[in-house]
Amino acid sequence: MLQISQSVKHAVLQRWRQGKFVSTWTPLATAFNAPPAKRINFTRDDVGLFRMQELRSSEGFYLLRENVEHSTQDLIAEATSSQRQRKMVDIFDELSDSLCKVADLAEFVRIAHPKSKYMQAAEQACISICGVVESLNTHKPLYQALSKVVHDGDLMPTTEVDRHVARLFLFDFEQCGIHLPEEERLRVVRLNDYILQLGQKFMNGAVQPTVLPRAAVPEHIRHYFPTAGDNIIITGLCTNASNVQMREAAYRLYLQPSDSQEDLLKDLLICRNELARSCGFQTYAHRALNGSTMERPELVREFIDELSEQLRPRADSDFALMTQMKRKESGQAKALVEIWDTPYFTTQLKRQSLEEQANEFLPYFSLGGCMEGLDNLLHSLYGVRLQNAEMEPGESWHSDIYKLAVVHESEGLLGYIYCDFFERNGKPNQDCHFTIQGGKRLPDGTYQLPIVVVMLGLAQPRWTGPTLLSPARLDNLFHEMGHAMHSMLARTEHQHVTGTRCATDFAEVPSVLMEYFASDPRVLRTFARHFQTHKPISEDMLQRLCASKHLFAASETQLQVFYSALDQVYHGDMAQGQHGANTTETLRAVQNRYYGLPYVENTAWQLRFSHLVGYGAKYYAYLISKTIASWIWQTYFEANPFNRQAGEKYRAEILAHGGAVPSRQLVANFLQREMTPRILADSLIHEIDMDESKIKQLIVSRN
């Protein structure tokens, strides 16, 4: 929050009392610029959490569990019956929908609800649903019924989408080895359990501080870090510290090798490889990429290599500039930029060349103003409005939640977004999107409306003024709302593939694309104005803000290429015994090939790379999503970010389908061009070059 002086507070209050404080915010902006109204209920009955009557109390989770267990048995009986009257895919989707409605809801409540009774009941529901899913994964008659339909065709007429979704269900089944001989299936089950345990232990170890005896740390750097008795505690990387010795010391000490983490990572990679081979895949990377946008690791590697080749001279230029900055700052003519320097000098370039001051942009991005900007943008592109909806008693899990109805100008209500935007004790410190209920076509022809939650960690609004967003927070808001709108604008027959339920390397495309809108001066001009005076942001500030987001883009992209390549090697060549005796030797080899700064001896950065657990063999997904989003932006929205025709086409050909059509096919059809690694790399390089040119022009114009 921006701190406001007492004199300003007094002036604002005086103007308010005199009736001269005129607001030009829309009702939506006004709502988000004030704390959500606390609802005092004297007459109306509680409607239950998310308007589910069962959840008027935490005990309702037990009823939900019982209901889904009974409905599961009924649907199994229907799917395996010789008298079946519905398409197999419809039965499986209803089975998936009934399980997800409880599992997704329970997972969110377990994480976000402030009351322990609800959290505990939700956790028990999660455990119970996991048990139901495990029993389904071993149900041979159910698997055989689905397999027969996939391979021989259904007795009922089906569409290509039906057949695609049925194949997805079958692949999910076979992930657990149900198609294997019993002894091999049990081995797959054991491997899955062990992989889960290894991942949890590795992630826990990845965030532990480095604790070293005082004597093991050189005396001249001890004072940089906290102590506990005779030990020095290093809790993280000091990437933005102005003291170069502190940056270097933190990097070398925090990233020291750990035998226990090394063993966990090696075991994790070995077990994943064995699991993949048991299920008929060459490597774990082949298994993970099955059904993805890139389809197979060979294409990912080709894309990474092509992008790496084009990035190298551009990244080298970035590092050369950083080296110049370091030499000037340090007064050492032979100083070289190191891997621990890059975030610091990116910040310094913003301050020196673009004259960016800390928090200078904050007053122009009130939360309400940003929501108004989003609303206007969505209306321009899709004919959609975000309407602040009244919350019924008992509907929300906390008093500071907003509820948005997403309403189309001709289609009507599309769904609901619950906005859990503010930090509070016990709430996870992460920006994310949760699906509570997926959209799907119901038997009576109506549509089951999607319900999602967008969670942020913003400061609470105060009586002195609204919550103010930094440029990074603004990007995150647009990003997460991109996920939410993917769910809202999808209109799929099956909930199993609605909205964000698509390939991992495609799910981020709509959200990353929204960041392009959040970085475009034409979009920002529509809502960036001072929260007190309503004065629009100056053109100079606007240009500097947009330019600052692209500084050193080549070297930053090269870093993501390196991470992606390392992840692919770990889950491909290394698992086959083709790379190094340990994960650090592999890291050294991959870094030397794909990154412009050298490996630092006696460090093991990969042992803190927790993304290897959740995104094993899929870390490239963000890079490819960014590339596809860039391609879409350049083709359809760069000329006019408010183009309604382009927005409608994007919704109809991309967003509406969710995962119901293979994502590679969606992109190729939408962009009218084959999605080859070379074309993808060229698209991203073109963006980097254009942004670099704009930055240079801006810097020259300011000197």
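Guide: Helices (H or I, at least four residues) and strands (E, at least two) are DSSP runs, numbered from the N terminus. This is a predicted model, in which local features need pLDDT of at least 70 and side-chain atom pairs count only at pLDDT 80 or more, while totals for chains, interfaces and linings use all residues. Residues are numbered from 1 along each chain as its sequence is written, and side-chain values use heavy atoms, with hydrogens and water left out.

Visitor: Now for E6: what is the bridge partner of Tyr 416 in E10?

Guide: E6 (residues 412-422) and E10 (residues 451-458) run parallel and are joined by six bridges. For Tyr 416, the partner in E10 is Ile 451.

Visitor: Is E7 largely enclosed by the rest of the structure or left open, and how many of its six residues are buried?

Guide: Buried means under 20% relative accessible area, exposed over 50% and partly exposed in between (1.4 Å probe, protein chains only). E7 is largely enclosed by the rest of the structure, because the number of its six residues that are buried is five.

Visitor: What is the relative accessible area of Phe 421?

Guide: Phe 421 sits in strand E6. Leaving aside neighbours within four places in sequence, its contacts include Phe 32, Leu 367, Met 371 and Leu 477. Val 453 is 32 residues away along the chain, with a C-alpha separation from Phe 421 of 9.7 Å. Phe 421 counts as buried because its relative accessible area is 0%.

Visitor: How far apart in space are Pro 35 and Ser 81, C-alpha to C-alpha?

Guide: Pro 35 is in the loop between H2 (27-32) and H3 (60-79), and it is partly exposed, at a relative accessible area of 47%. Beyond its neighbours within four places in sequence, Pro 35 touches Tyr 402 and Pro 461. Ser 81 is 46 residues from Pro 35 in sequence, and the distance in space is 55 Å.

Visitor: On to the sheet of three strands. Which strands stand at its edges?

Guide: This open sheet has antiparallel pairing and the order E1-E3-E2. Two of its strands have a single partner strand each, so one side of each is left without a neighbour in the sheet: E1 (210-213) and E2 (227-228).

Visitor: Which residue in the turn of the hairpin of E2 and E3 has a positive phi?

Guide: E2 and E3 run antiparallel and share two bridges, with Ala 228 opposite Asn 231 in E3. The hairpin has two residues between its strands. The one with a positive phi, of about 65 degrees, is Gly 229.

Visitor: Last one: are H8 and H11 roughly parallel or antiparallel to each other?

Guide: H8 (residues 182-206) and H11 (residues 259-278) pack at about 150 degrees, with their axes 9 Å apart. Angles under 35 degrees count as roughly parallel, over 145 as roughly antiparallel, 65 to 115 as roughly perpendicular and the rest as oblique. H8 and H11 are therefore roughly antiparallel.

How values were computed:
Two strands pair if DSSP finds at least two bridges between them. Axes are lines fitted to C-alpha atoms, for helices over the stretch in contact, and angles run from 0 to 180 degrees between N-to-C directions. Contact means heavy atoms within 4.5 Å.
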